[in-house]
Amino acid sequence: MGVVSTTEMTDDRATLIKQAFRLEYITLAWMTIEAAVAIGSGVIADSLTLTAFGIDSLIELASATILIWRLTVELRHGQIFAENAERTASRIGGALLFTLVAYVIASAGWKLWAQQGAEFSLSGLVISVLSIPTMYFLARQKLRLADALGSRALRVDAVESITCGWLAFVVVGALVAQLVVGAWWVDPLASLGVVWFLIREGREAWQGDCCH
């Protein structure tokens, strides 16, 4: 009886891991599109806010890739062995996010000093608006699976999706304000508003401990 129960538990966990794989592959596909459009639009419009949003998407793309590696480790070597891979995955994600924070602060400082603004980007607005419901869906599903699997790395990844959704709100607000106000300082100030979310996301990733 005990043997059957253990088998059922193992099969259930394998099913959950397969669901996590599907979510991460969806994340990979979306983040590739989001990063390409946001960075491309940011470069064309000289928008630090959009560029930072796109770089964050690249970091989430890396995070999803690392998490797929972590899930593969568990399937091949078991849950206990995967814990070391999970800690490594979280630390790498945190380090990348802190690097992005430094880039945004330095770039925003330069743009404010040089009084350098940005152009409005319709493609940037569209990808940011689409990102909000997409991130909401992915975050909810990842949190559900993170609880079921007891995975800190998957929970960190879910929080990164939540943060990406909030970043999208900031970008949408910045682009709309830029369109309405047209002031040069909107973009660098809005990019500094992104920093708080990036620091929170990076701290949680580095510590491997997420809050609801």
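Leaving aside neighbours within four places in sequence, Leu198 is in contact with Asp56, Leu97, Leu100, Val101, Val104 and Leu167, where contact denotes heavy atoms within 4.5 Å. The structure is a predicted model, in which local features need pLDDT of at least 70 and side-chain atom pairs count only at pLDDT 80 or more, while totals for chains, interfaces and linings use all residues. Residues are numbered from 1 along each chain as its sequence is written, and side-chain values use heavy atoms, with hydrogens and water left out.

Leu198 also belongs to the largest nonpolar core, which has 42 residues. Such a core is a set of buried Ala, Val, Leu, Ile, Met, Phe, Trp, Tyr and Cys residues joined through side-chain atoms within 4.5 Å. A residue is termed buried under 20% relative accessible area, exposed over 50%, and partly exposed in between (1.4 Å probe, protein chains only). Within this core, Phe53, Leu154 and Leu198 touch the most other members. Two or more residues are given to the core by each of helix H1 (2-45), helix H2 (48-77), helix H3 (79-114), helix H4 (122-149), helix H5 (152-181) and helix H6 (186-207). Helices (H or I, at least four residues) and strands (E, at least two) are DSSP runs, numbered from the N terminus. In soluble globular proteins, nonpolar side chains tend to be buried together.

Ser191 counts as buried because its relative accessibility is 0%. Leaving aside neighbours within four places in sequence, the contacts of Ser191 are Leu48, Thr49, Val104 and Ala108. Of these, Thr49 is 142 residues from Ser191 in sequence, yet the two C-alpha atoms are 4.5 Å apart in space.

Side chains of opposite charge can pair when their charged atoms come close. A salt bridge is defined as a side-chain nitrogen of Lys or Arg within 4 Å of a carboxyl oxygen of Asp or Glu, and by this rule the count is four. One of them joins Glu24 to Lys142, with the closest N and O atoms 3.8 Å apart. This pair links distant parts of the chain, as Glu24 is in helix H1 and Lys142 in helix H4, 118 residues apart. Both Glu24 and Lys142 are buried, and together with Asp157 they are linked in a network of salt bridges.

A further salt bridge is formed by the side chains of Asp187 and Lys111, at 3.1 Å from N to O. Here too distant parts of the chain are linked: Asp187 in helix H6 and Lys111 in helix H3 are 76 residues apart. Asp187 has a relative accessible area of 3% and is therefore buried; Lys111, at 6%, is likewise buried. Arg155 forms a salt bridge with Asp147, the closest N and O atoms being 2.0 Å apart, and Arg155 is buried because its relative accessibility is 12%.

Aromatic rings of Phe, Tyr and Trp (its six-membered ring) pair if their centres lie within 6.5 Å; planes under 30 degrees apart count as stacked, over 60 as edge-to-face and the rest as tilted. Phe21 and Tyr25 are stacked, at 6.2 Å centre to centre with 20° between the planes. Because Phe21 and Tyr25 are four residues apart in helix H1, about one helical turn separates them. Phe21 is buried, with a relative accessible area of 12%, whereas Tyr25, at 47% relative accessibility, is partly exposed. Trp166 and Phe169 form a tilted pair, with 5.6 Å between centres and 40° between the planes.
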